[in-house]
Amino acid sequence: MIDLIDTILGSRFWALFQKEFAQILRNRQLLIQLLVPPTVFLILFGMALDPNIKNLKVGITDYSNSRISREFIEVFNQTDAFVVSKYYADQPDMTADLATGKLNVGITIPPEFSRDIARRRTAQVQALFDAVDANTATTASSYVSQLVEDYNQRRSEQNSFSQQYSSSSSTIGNSSSQQKANSLTGNSFSQSSQRNQVKLVTSVFYNPGLDSAWFIVPGIIGVLLTTIGSQAAGSLVVREKEAGTIEQLMMTPASTTEVLLAKISPLLILLTFNMLVGLVVGRLVFGMPFQGNLLLLLSIAIIYFWVGISIGILIASYAKSEQQSQLIAFFVNPPLVLLSGAMYPISSMSTFVQGLTYLNPLRYFVEVCRGIILKGVGLEVLWSQVLVLLLFATVLMTLSIRQFRQQLT
Amino acid sequence: MAVRPKRIIAQTIKELTQLGRDRLTLTLALGLPIVLLLLFGFAVSLKVNQINIGIQDLALIPASREYIATFERTNKFNIVEQGPTVNIPRLLDRGHIAAGLIIPPKFSRDLRRTQRQSQVQLLIDGTDANTANIVRGYASATNAEFVQNMQTVGSTNLTNPVSLRSRLWYNPGLKTLQYIGPGALAITVALFPPLLAGLATAREREQSTILQVYASSLTGTEYLLGKAAAFWLVGMAEVLIVNLEAWLFFGIWFVGDPTPVIVGSILYITCGVFWGIFLGSNANTQSAVIQSVSFTAFLLSLLLSGFAYPVSNIPLSIRWIAEIIPARHYILLTRDAYTRGVGWVSDWIPVLALVVLASCFFFLAWRKLHKMQVEP
């Protein structure tokens with residue numbers, strides 16, 4: 001045992017490692033760059049990136065202007081997806097505001113609304129959606145139909161119709177407080193006791209409060225570690241090249257592999273520390289749980305760091321100066337980030353682009369992060385992702401070492 | 001502060017010549033936007049297309065099969081596995097499905113009895129909150145449809161008190177590219193104008209050629225405007241290229257008066273260039289410029305400008321950050337020009353905001369550079 005420690009401490013690798021570690025600690029700019037932006041960006045993006053639909057502005061032209069129509073309008077106050085922002089006397093005024101984007105939804109209630117309701121005829125209501133954002137418009141229109149369905153149901157129960165159907169939803173919209181309240185037990189839907197009823201009992205797994213920060217934070221951790229890892233590794237290597245000290249390193253009896261390994265190891269330690277900072281921020285700021293095994297996550301993370309760092313070295317071996325390597329990184333990093341599912345779900349992409357994501361190592365790491373952090377699953381589920389990451393790490397590492405060696409000779 | 005146009009033009013020509021010699025950067029500056037635009041257009045979307053579901057059918061009767069068929073008919077769900085032995089929690093753990101349905105054995109019995117309700121359990125993967133919400137909405141709508149179908153079979157007078165007529169304006173086909181495309185135009189040209197301007201400014205300091213400028217009779221304002229004009233031209237070339245590309249690949253073109261977006265582009269690139277010069281004049285090394293530009297001009301524009309994630313969901317305490325990002329205002333202009341087509345009536349506010357931001361960034365850069373002497 002002591003022999004082993006002696007061989008490690010006496011090895012060339014250890015000496016180089018100490019040199020690199022001291023160099024990194026002396027490099028204030030790199031240290032700050034490694035530690036400050038990740039924390040700031042995690043907090044900023046965790047707070048700001050919320051795709052849920054909230055506070056859509058609803059304009060209402062109520063030609064009926066009766067007690068019944070006002071009661072109908074009340075449905076929009078039941079959820080925080082909508083806010084009634086303005087009442088209009090004329091529909092053209094409302095459509096003008098819809099055109100300029102001041103409104104998201106315009107509702108027109110015709111003059112005969114109350115009469116139709118009173119005579120138990122179907123009254124018609126028009127809803128206009130600003131569909132420039134197709135995604136929001138789809139969701140908004142399905143919310144409005146659910147609200148109307150709910151209204152119909154209540155109305156029919158009051159009128160005590162003999163045959164009625166039940167709408168199955170009571171929580172519409174993304175009222176997070178509501179969801180939090182009944183998330184664990186599943187949502188209990190309103191119902192009436194009649195024949196042919198089917199109740200859909202919903203339970204949300206892994207993220208019962210449907211907090212979008214829990215989706216974003218593990219993704220951003222992966223993104224930051226990729227970009228920071230590759231940039232830092234690249235600039236470390238290139239800097240030595242620029243300063244001309246790389247020849248001196250090559251003159252030493254140490255092999256290229258040893259030189260590169262010693263360069264990488266201190267970065268691995270810093271990136272691991274980075275990851276822990278990210279997890280703590282997620283916990284403290286967003287209350288994100290940690291369901292799985294921390295050691296497992298860290299060991300998979302280290303495999304992934306090899307991937308990121310190898311990308312950095314590969315870029316550096318092509319670049320002549322530090323800013324060149326950073327500029328090339330601009331070509332490499334955006335595709336990695338966008339095609340990983342870290343910020344934009346992969347299931348939303350077209351089939352062809354979805355196929356491309358399989359070539360992206362970050363995709364697998366983000367899956368691992370979400371799997372371990374939120375779902376609490378272990379190797380029995382994630383083994384395939386880990387295998388792919390190992391493959392990426394080996395291939396990229398070999399490539400980068402070879403490329404680096406070729407550059408020097 | 002006298003401004004002599006001849007000197008500005010000379011500066012501009014010098015910068016462009018220098019850029020022309022740097023092949024790698026020039027290729028990146030004109031090539032990267034083309035790649036990024038395609039990437040943004042095809043990869044960025046929050047829309048939920050095909051929902052993978054698993055169904056554990058423990059009832060195995062015609063009614064339960066009809067229930068499953070209702071889900072199939074919506075074309076929104078893609079049934080990955082179904083049958084009595086499907087292990088839903090396992091599939092969720094593995095991420096193979098976004099939601100799972102469990103139909104209990106007593107489904108048919110409960111369905112036939114009055115006073116009783118059949119229960120179907122829906123388990124949703126909540127890791128992606130947005131998708132989970134939409135899945136829940138679709139599932140409950142499908143459930144309602146099934147119930148309605150069952151009841152209309154036997155009953156007659158079913159009148160809804162209110163029927164809703166929905167119209168989707170401006171983008172009736174609900175094409176995401178109509179929304180993402182114009183936004184992507186703004187993001188792709190956000191990076192290079194400030195980056196190149198910042199690098200050129202920092203390079204003068206790094207290589208100490210700035211001392212020669214100080215020694216010349218050039219004033220701070222002329223120096224600033226000369227540099228800005230060079231990279232503004234590069235930026236406008238980028239705007240032209242990506243607009244052509246968007247027309248070719250996404251099929252988007254002006255639907256109304258194009259003047260607001262043209263004026264907007266001029267201002268937007270100006271904002272970027274001045275911001276880059278400001279960062280460059282504060283940085284000591286070129287790599288520090290790349291770092292700061294990629295974070296402030298690119299990452300913030302990408303994520304906080306309302307490109308994919310709505311600005312209205314950003315907490316009020318940090319929403320001011322979004323307001324000082326030029327891309328946030330420019331996106332409003334491109335969206336109007338390519339999908340809505342309203343014109344100046346709604347566009348004057350973002351244009352005004354861009355004017356204000358451009359002047360602010362100009363002032364910041366000018367304050368840093370106007371002294372034209374070595375700082376202690």
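S400(A) is buried, at a relative accessible area of 0%. Here, buried means under 20% relative accessible area, exposed means over 50%, and partly exposed falls in between (1.4 Å probe, protein chains only). The model is predicted: local features need pLDDT of at least 70, side-chain atom pairs count only at pLDDT 80 or more, and totals for chains, interfaces and linings use all residues. Residues are numbered from 1 along each chain as its sequence is written, chains are lettered from A and ligands numbered from 1 in the order in which they are written, and side-chain values use heavy atoms, with hydrogens and water left out.

S400(A) sits in helix 16 (residues 379-408) of chain A. Helices (H or I, at least four residues) and strands (E, at least two) are DSSP runs, numbered from the N terminus. A polar atom of the S400(A) side chain lies 3.0 Å from the backbone oxygen of M397(A). A polar contact is a pair of N or O atoms within 3.5 Å; within protein, one must be able to donate a hydrogen and the other to accept it, and residues adjacent in sequence count only if both atoms are side-chain atoms. Apart from neighbours within four places in sequence, S400(A) is in contact with S310(A), I313(A) and L314(A). Contact means heavy atoms within 4.5 Å.

Chain A as a whole comprises 16 helices and 5 strands. Of its 409 residues, 60% count as buried. Among contacts in chain A with a separation of 6 or more, 74% come from residues 24 or more positions apart.

Strand 3 (residues 105-109) of chain A is largely enclosed by the rest of the structure, because 5 of its 5 residues are buried. In a regular strand the side chains alternate between the two faces of the sheet. V105(A), I107(A) and I109(A) point one way from strand 3 of chain A. G106(A) and T108(A) point the other way, and all of these residues are buried. Strand 3 of chain A pairs on one hand with strand 1 (residues 56-62) of chain A, through 5 bridges in a parallel arrangement. Strands pair if DSSP finds at least two bridges between them. Strand 3 of chain A is also joined to strand 4 (residues 123-130) of chain A, by 4 bridges in an antiparallel arrangement. T108(A) takes part in both pairings: its bridge partner is T61(A) in one and Q126(A) of strand 4 in the other.

Helix packing was examined in chain B. Two packed helices are described by the angle between their axes and the distance between the axes. The axes of helix 2 (residues 23-43) and helix 10 (residues 220-250) of chain B come within 10 Å and cross at roughly 35°. Axes are lines fitted to C-alpha atoms, for helices over the stretch in contact, and angles run from 0 to 180 degrees between N-to-C directions. The crossing of helix 2 with helix 10 of chain B is right-handed. A crossing is right-handed if the near helix is turned clockwise from the far one by less than a right angle, and left-handed if anticlockwise. Helix 2 of chain B contributes residues including L30(B), P33(B), L37(B) and F42(B) to the contact. Helix 10 of chain B contributes, among them, E238(B), I241(B), E245(B) and F249(B). The contact residues divide into 12 nonpolar, 1 polar and 2 charged. Ala, Val, Leu, Ile, Met, Phe, Trp, Tyr, Cys and Pro count as nonpolar, Asp, Glu, Lys and Arg as charged, and the others, Gly among them, as polar.

A43(B) also belongs to helix 2 of chain B. A43(B) is buried, with a relative accessible area of 2%. Leaving out neighbours within four places in sequence, A43(B) is in contact with L339(A), Y344(A), M349(A) and V353(A).

Backbone geometry was examined in two loops. Most residues other than glycine have a negative phi. N65(A) has a positive phi near 50° and is not glycine. N65(A) lies in the loop between strand 1 and helix 4 (67-73) of chain A and counts as exposed, at 53% relative accessibility. L60(B), also not a glycine, has a positive phi of about 50°. L60(B) lies in the loop between strand 1 (51-57) and helix 3 (62-73) of chain B and is partly exposed at 42%.
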